[in-house]
Amino acid sequence: MKRNIFFLIFASACLFAGKAIAQTGEPYIHDPSTIAECEGKYYTFGTGGGGLISEDGWSWHGGAERPGGGAAPDVLKIGDRYLVIYGATGGGLGGGHNGRILTMWNKTLDPKSPDFKYTTAIEVCSSDGMEDQDAIDPGLLLDPVTGRLWACYGTYFGTIRLIELDPNTGERVKGNKELDIAIDCEATDLIYRNGWYYLLGTHGTCCDGVNSTYNIVVGRSRQVTGPYIDNVGRDMFHGGGRMVIAAGDRVCGPGHFGRTIIDEGVEIMSCHYEADFEVSGRSVLGIRPLLWKNDWPVAGERFKEGVYSIESERRGYSLELAVDFVRMQQERQGWFNRNQMQQPAKPIANQTLEEVQGGWPAGDIAVRCGDYMFRPHQKWTVTPVPEKGGYLTGPLFRISIEGTDRALTATENLELTTRAYDGSPEQLWRIEQLTDGTYRIMANAIPGKEGFNSTYCIYSAGDSTPTLAKYDFSSDNSKWNFRQH
């Protein structure tokens with residue numbers, strides 16, 4: 001059944017030894033819709049009616065309302081209204097495949113709003129239980145090029161179909177003929193990017209907990225009507241599909257893709273996991289960074305706590321404390337001393353914090369960038385602070401010099417310093433993986449500026465000069481990499 005997983009998860013370019021953190025609260029849902037924002041809150045709807053609400057995208061709880069029951073809804077904002085589509089029956093529910101797809105509108109998704117009222121549901125397609133098709137698991141696409149509205153639907157029981165809807169009424173376009181576009185998948189969704197239409201389908205088995213093999217695959221086309229071809233030339237109408245996300249990090253069965261654009265170059269994919277091994281194998285909402293590699297979508301990884309160098313995409317220099325470089329003592333080795341070269345080689349220990357910390361100044365120490373040399377002033381411990389809240393791709397993080405309480409801190413004049421960690425908002429950081437695999441790092445708040453910071457990121461004003469400046473995806477100055485050495 002259709003599900004768009006908005007897993008609040010953070011991303012890193014590689015899997016590291018630290019533990020990945022999932023969203024908090026009660027994120028239990030199956031077949032979630034694409035995440036929608038309404039009046040500063042986030043919503044997703046699931047099978048059976050109802051759904052989840054989040055104030056910040058990190059902590060989720062029940063409370064979203066959707067009448068009609070049924071399965072696998074999707075939601076899309078069109079103008080100042082929200083269109084909800086869902087499968088009333090089908091999917092083998094009740095033993096049959098005689099499904100119906102319905103649409104309805106609402107001015108708001110907030111059930112406490114005086115404007116909250118769904119329109120009467122309208123049937124837009126159906127299956128009779130005998131044909132080679134099952135009308136369930138719908139997904140919506142409002143084509144940004146043509147303004148036309150499309151819905152895809154179907155399961156393994158036959159074909160995936162495409163129909164056109166009226167974006168003003170939510171009704172089926174008069175005279176529209178359904179088109180078969182794929183097989184061997186279900187819970188499909190359509191998205192558009194850079195001249196390509198993408199069909200994302202859920203492959204494998206569902207509804208079997210830790211034994212579910214759900215995964216999400218994709219094909220693309222220059223036309224919304226297909227054909228949808230994968231990376232090796234296979235048509236999804238003949239079972240093709242390139243992998244987007246599979247099991248990992250003790251969660252399995254990702255299904256029901258949904259795409260949410262947060263900012264230029266900052267995207268997430270939502271889905272559900274059939275089973276989270278950490279919470280009794282329950283079906284949970286999931287959010288991953290959405291990356292684009294050679295114009296193919298792929299799920300990023302959840303960012304994990306650990307010790308990293310933080311390196312600028314601009315030059316590759318590492319973020320470090322602005323302290324004196326302390327030379328390491330070493331007996332010179334080389335070709336010029338043949339007797340020495342006859343001796344056994346032995347490892348040299350890394351410089352330790354105890355060897356250099358005494359020479360650091362007291363109080364605040366500024367931050368600069370320099371060549372990475374395995375030195376204590378260049379090693380940053382990144383630790384989630386989930387009790388302080390989060391955002392759409394993860395919890396807030398503390399970034400401190402390894403072995404100390406000296407934490408990276410944003411200042412009122414848009415500079416960076418380090419000082420003793422006290423949990424203040426300017427010491428809490430969002431780490432978001434961008435669509436090209438790099439990261440932006442943003443302070444949760446800037447002293448002297450009201451509210452949540454959605455503008456300023458750590459920025460390379462020069463090769464060795466980090467500062468805080470407006471995020472610009474088109475510039476490598478805004479981009480960083482986290483590496484473990």
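The model is predicted, so local features are reported only at pLDDT of at least 70 and side-chain atom pairs only at pLDDT 80 or more, whereas totals for chains, interfaces and linings use all residues. Residues are numbered from 1 along each chain as its sequence is written, and side-chain values rest on heavy atoms, with hydrogens and water left out.

The secondary structure of the protein chain consists of two helices and 35 strands. These elements are DSSP runs numbered from the N terminus, a helix being H or I over at least four residues and a strand being E over at least two. The radius of gyration of the protein chain is 25 Å, close to the 23 Å given by the globule rule for 485 residues, so the chain is as compact as a globular protein of that length. The radius is taken over C-alpha atoms, and the rule is 2.2 Å times the number of residues to the power 0.38. Along its principal axes, the C-alpha trace of the protein chain spans about 85 × 55 × 45 Å.

Of the 485 residues of the protein chain, 57% count as buried. Buried means under 20% relative accessible area, exposed means over 50%, and partly exposed lies in between, for a 1.4 Å probe and protein chains only. Among contacts (heavy atoms within 4.5 Å) between residues at least 6 apart in sequence, 58% join residues at least 24 apart.

The count of salt bridges comes to 24, a salt bridge being a side-chain nitrogen of Lys or Arg within 4 Å of a carboxyl oxygen of Asp or Glu. One of them joins the side chains of Glu123 and Arg100, with an N to O distance of 3.2 Å. Glu123 lies in strand β9 (residues 122-126) and Arg100 in strand β8 (residues 100-106), so this pair ties together parts that are 23 residues apart in sequence. Glu123 is partly exposed at a relative accessible area of 39%, and Arg100 is also partly exposed, at 36%.

Another salt bridge is formed by Arg148 and Glu164, whose closest N and O atoms are 2.7 Å apart. Arg148 is located in the loop between β10 (139-142) and β11 (149-153) and Glu164 in strand β12 (residues 160-165), so the pair ties together parts 16 residues apart in sequence. Arg148 is partly exposed, with a relative accessible area of 38%, whereas Glu164 counts as buried at 11%.

Asp364 and Arg419 also meet through their side chains in a salt bridge, at 2.6 Å from N to O. This pair links distant parts of the chain, 55 residues apart: Asp364 is in the loop between α2 (353-356) and β24, and Arg419 is in strand β30 (residues 416-420). Both residues are partly exposed, Asp364 at 40% relative accessibility and Arg419 at 30%.

Arg375 is found in the loop between β24 (365-370) and β25 (380-384). Arg375 is buried yet has no salt bridge, and the nearest side chain of opposite charge, that of Glu355, is 8.4 Å away. For charge, Lys and Arg count as positive and Asp and Glu as negative, while His and the chain ends are not counted. The side chain of Arg375 reaches the backbone oxygen of Val326 at 2.9 Å. Apart from neighbours within four places in sequence, Arg375 is in contact with Phe325, Val326, Met328 and Gln351.

His30 occupies the loop between β1 (24-25) and β2 (36-38) and is buried, with a relative accessible area of 18%. The side chains of His30 and Asp31 are joined by a polar contact of 3.0 Å. A polar contact is a pair of N or O atoms within 3.5 Å; within protein, one must be able to donate a hydrogen and the other to accept it, and residues adjacent in sequence count only if both atoms are side-chain atoms. His30 and Pro138 are 108 residues apart in sequence and 14 Å apart in space, C-alpha to C-alpha.

Ser400 belongs to strand β28 (residues 397-401) and is buried at 4% relative accessibility. The side chain of Ser400 makes a polar contact of 2.7 Å with the side chain of Arg398. Beyond neighbours within four places in sequence, Ser400 is in contact with Lys379, Trp380, Thr381, Arg406 and Ala407.
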